[in-house]
Amino acid sequence: MANGKIGTYLGFCIRSGKLVFGVDGAEKLKMDVYLLIADETLSENSLKALFKIKEKFSCPLLVTKENLGELLHRPAVKAAAVRDKNLAAAILTSAEGDAQYKLYSGGNN
């Protein structure tokens, strides 16, 4: 059920233009990142880059065991940045307590 909700919230982000795809896209952002989402199959170097972005924006990083590309309807995408505060909060609430997701928040993890 939570996966359906998270997919819906990500769809809202896409339609409102508040989702940036990929690690490179997230690195170019200057402000307003409230949540980073990554596929667990992301390479180690890309994951390190996401942790740097996480620290830069002081936002949580959510790593999913399911295919992020399928959730976003873009098969090649393995990372995304949510730029809407309310949708980021809704995604985090839906993922809370779900074994499919691992949350990195706060300082160094």
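# Close-up views

**View A. Leu61 stands opposite Tyr104 of strand β5.** Strands pair when DSSP finds at least two bridges between them; strands (E, at least two residues) and helices (H or I, at least four) are DSSP runs, numbered from the N terminus. Keep in mind that this is a predicted model: local features need pLDDT of at least 70, side-chain atom pairs count only at pLDDT 80 or more, and totals for chains, interfaces and linings use all residues. Residues are numbered from 1 along each chain as its sequence is written, and side-chain values use heavy atoms, with hydrogens and water left out.

**View B. Five strands make an open sheet with mixed pairing.** Reading across, the order is β1-β4-β2-β3-β5. The edges belong to β1 and β5; each has a single partner strand, so one side of each lacks a neighbour in the sheet. On average, neighbouring strands are turned by 20° against each other, direction ignored.

**View C. Helix α5 lies across β2 (35-39), β3, β4 (79-82) and β5.** Its angle to β2 is about 50°, taken between N-to-C directions (0 to 180 degrees) of lines fitted to C-alpha atoms, for helices over the stretch in contact. Contact here means heavy atoms within 4.5 Å.

**View D. Helix α5 (residues 85-95) has a buried side and a face turned away from it.** Leu87, Ala88, Ala90, Ile91, Ser94 and Ala95 are the buried residues of α5. They sit on the same side of α5, because their arc around the axis is only 160°, judged by the directions from the helix axis to the C-beta atoms. Turned away from that buried side are the exposed residues Lys85, Asn86 and Thr93. Buried means under 20% relative accessible area, exposed over 50%, and partly exposed in between (1.4 Å probe, protein chains only). At the start of α5, a side-chain oxygen of Asp84 comes to within 3.1 Å of the backbone nitrogen of Asn86. After α5 comes Gly97, with a positive phi near 80°.

**View E. Gly22 sits in the loop between β1 (19-21) and α2 (23-27).** With a relative accessibility of 23%, Gly22 is partly exposed. Leaving aside residues up to four places away in sequence, Gly22 touches Ala79 and Ala80. Asn86 is 64 residues from Gly22 in sequence, and their C-alpha atoms are 21 Å apart.

**View F. Two aromatic pairs turn up.** Tyr9 and Phe12 make a tilted one, 6.5 Å centre to centre with 50° between the planes. The pairing rule takes rings of Phe, Tyr and Trp (its six-membered ring) with centres within 6.5 Å; planes under 30 degrees apart are stacked, over 60 edge-to-face, and the rest tilted. Both Tyr9 and Phe12 belong to helix α1 (residues 2-16), three residues apart, or about one turn of the helix. Tyr9 is partly exposed at 22% relative accessible area, and Phe12 is partly exposed too, at 39%.

**View G. Phe51 and Tyr104 form an edge-to-face pair.** Their ring centres are 5.1 Å apart, with 80° between the planes. Phe51 comes from helix α3 (residues 44-57) and Tyr104 from strand β5 (residues 101-104), so this pair ties together parts that are 53 residues apart in sequence.

Technical notes. Polar contact = N/O pair within 3.5 Å; in protein donor to acceptor, adjacent residues only side chain to side chain.
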